[in-house]
Amino acid sequence: MIKVVPKKFFLTSGVGRDKDYIMSFAIALEDAGIGKFNLVKVSSIIPPGCDLISKDEGLKLLSPGQIIHCVLAENTTQKADELITAALGAAIPASKTEVGYFFEFTDSGKTKEETGIYAEGLARSMVYKTSGLSITQSLNIACEAKGVNSLWTTVVAVAVYIFT
C-alpha cells in the first residue's frame, strides 16, 4: 500500500470578483497563487512532522497542472458592501509524533483579524480536546473583502500540502 502523507504545507489567501460566481472563485485562486493547479479538497489534519514553509518556497516545488491537496475555506457574496471573510486556523502539537489540526471558518460582518483569531482558537481547541497535548505553534491566515454591486466577490484561505 502506498502512503500519501505530506511533508510540508504553506498558507495562502486571495480575493476574486466577477459577474459570474465560478469566475470570481477562479480569480480568487489566481490571486492566492494557486489558480494553475488542480485542487483536491481534503479535511483538516496536519500530519505528524509536517512543516510549515513559505508560500514562495512551496510554489517552487509545484508544477502547473499538478494535482495538489489542500484545506480550503471559501466565502462568497453578491451583496454590495457586505464584508465577508474566510480563515484557516492551525495548531501544531509539541509532540512531532501527533497530528495537528486546521480549522476552516467563514463569516460575514467580521474583520479578517477577528475571523482568523477565532479559527486559530478552534484549531487549538481541537488539539487539546482530542489529545490533551500542549501546542508549540498556532497561527492563522485570513482574507476579507467587501461585496461590490452586481459582482460576485469570493475570498479564500488555503493550506496547500507538499509531498516532497
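Which residue in β7 is the bridge partner of isoleucine 45? In β7, tyrosine 101 bridges to isoleucine 45.

The model is predicted: local features need pLDDT of at least 70, side-chain atom pairs count only at pLDDT 80 or more, and totals for chains, interfaces and linings use all residues. Residues are numbered from 1 along each chain as its sequence is written, and side-chain values use heavy atoms, with hydrogens and water left out.

**Exercise 1. Classify the ring pair of phenylalanine 102 and tyrosine 161 and describe its setting.**

Solution. 
- Step 1: Rings of Phe, Tyr and Trp (its six-membered ring) pair if their centres lie within 6.5 Å; planes under 30 degrees apart are stacked, over 60 edge-to-face and the rest tilted.
- Step 2: The structure holds four aromatic pairs. In the pair of phenylalanine 102 and tyrosine 161, the centres are 6.2 Å apart and the planes at 65°, which is edge-to-face.
- Step 3: Phenylalanine 102 is in strand β7 (residues 100-108) and tyrosine 161 in strand β9 (residues 152-162), so the pair ties together parts 59 residues apart in sequence.
- Step 4: Buried means under 20% relative accessible area, exposed over 50%, and partly exposed in between (1.4 Å probe, protein chains only). Phenylalanine 102 is buried at 1%, and tyrosine 161 is buried at 4%.
- Step 5: Ring pairs link Phe9, Phe102 and Tyr161 into a cluster.

**Exercise 2. Describe the surroundings of isoleucine 68.**

Solution. 
- Step 1: Isoleucine 68 lies in strand β5 (residues 67-77).
- Step 2: Its relative accessible area is 1%, so isoleucine 68 is buried.
- Step 3: Contact means heavy atoms within 4.5 Å. Leaving out residues up to four places away in sequence, isoleucine 68 touches Ile34, Phe37, Asn38, Leu39, Val40, Leu62 and Val160.
- Step 4: Asparagine 38 is 30 residues from isoleucine 68 in sequence, and their C-alpha atoms are 6.0 Å apart.

Definitions and conventions: Helices (H or I, at least four residues) and strands (E, at least two) are DSSP runs, numbered from the N terminus. Two strands pair if DSSP finds at least two bridges between them.
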